[in-house]
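Welcome! Keep the structure in view and try each task before reading on.

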Amino acid sequence: MAQIPAVVTRSDRLGFVGLGNLGKPMSQALARDGWHLSVYDRDPARAADLDARTVGGPAELADCTVIALAVPDDDAVTQIVDELLSRLTPGSVVLVHSTILPGTARRLAGLLEDRGLGFLDVPVSGGAERALAGSLTVMAGGRAELLERVRPVLDSVADDVIHAGPAGAGAAVKLANQLMMFSALAGVQEALDLAGAYDIPEQVVLDAVATSTGESWITRNWGFFDDVAAAYDQAGTPVRDRPWSKDLWDVVAAARERSVPLPVAGLLAQHLADRVEDRARKGAGS
């Protein structure tokens, strides 16, 4: 790949594809921070209240220096990159905020670098509220010099930007995070089932563990996934595309690629989505 151009500034145009649960608040944070933003989503109504130029498709973002993707999965990311590949100006950078497989990230990085383009897998964590506040955590995979070039963009959406390693490393760290989080979620669900069998209310257990060894992000934010499921329902997102389903299957696939046995991940991939969806339908505290 050619020498890395200068650090991007707010005089550069920024493209953003995908205005879903995380993509829209991230776009709002970028627009609020002064970026010249062009956005695309399959549902144009999602862009109606954004301070941004709305385009009719990813190809219309070819004039952007940086294009960020927050779309559902590997197939959607690959399709958009294929559409942009021959249209982008050398030196442009594609940022993938989506949770994808490390192998997909490495393959796309190679394709783009062969065309004089940049690629970073930069998945995020923190939820919609932190996305809107611009305080997400970013796990970055790709060339260190390229990360520094686009750091001003990432600093607008994140408080913490961690360079995990070469292309694919950000994706691998994100999958590791998802496995830790969903393992904890499954444990809390079963723990509350146990306490409930003895007629102990959920809140009593949560209050007790708040200063005990069972405390975790999950217990501190109990009900978070009920709200996320409701947002996905409103957006019409299929269950198979929601993180507690799609990301866990990605964890299993990534582990299989490297012959790593992950029995807990395999079990969670089989049953956790049903548990999350069932609880969300019934409502918190039931």
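A residue is called buried under 20% relative accessible area, exposed over 50%, and partly exposed in between (1.4 Å probe, protein chains only). This is a predicted model, where local features need pLDDT of at least 70 and side-chain atom pairs count only at pLDDT 80 or more, while totals for chains, interfaces and linings use all residues. Residues are numbered from 1 along each chain as its sequence is written, and side-chain values use heavy atoms, leaving out hydrogens and water.

**Exercise 1.** Decide whether Y198 is buried or exposed, and find the loop where Y198 lies.

*Solution.* Start with the place: Y198 sits in the loop between α6 (169-197) and α7 (202-209). Helices here are DSSP runs of H or I with at least four residues, strands are runs of E with at least two, and both are numbered from the N terminus. Next, take the relative accessible area of Y198, which is 64%, so Y198 is exposed. Now look at D199, which lies in the loop between α6 and α7. D199 counts as exposed because its relative accessibility is 69%. Its phi is near 60 degrees, a positive value in a residue other than glycine.

**Exercise 2.** Find out which sense β8 and β9 pair in, and which residue in β9 stands opposite M139.

*Solution.* Strands pair if DSSP finds at least two bridges between them. Strand β8 (residues 136-141) and strand β9 (residues 158-165) have 6 bridges, in the parallel sense. Opposite M139 you will find I162. Then follow the chain from β8 through helix α5 (residues 144-155) to β9: this β-α-β crossover is right-handed. That term means that, with the strands pointing away from the viewer, the path from the first strand over the helix to the second runs clockwise.

**Exercise 3.** Work out how E277 and R281 are placed in helix α11 and how close their N and O atoms come.

*Solution.* Both residues lie in α11, 4 residues apart, about one turn of the helix. E277 and R281 form a salt bridge, with the closest N and O atoms 2.8 Å apart. The term requires a side-chain nitrogen of Lys or Arg within 4 Å of a carboxyl oxygen of Asp or Glu. E277 counts as buried because its relative accessibility is 7%, whereas R281, at 47%, is partly exposed. Finally, widen the view: D233, R242, E277 and R281 are linked in a network of salt bridges.
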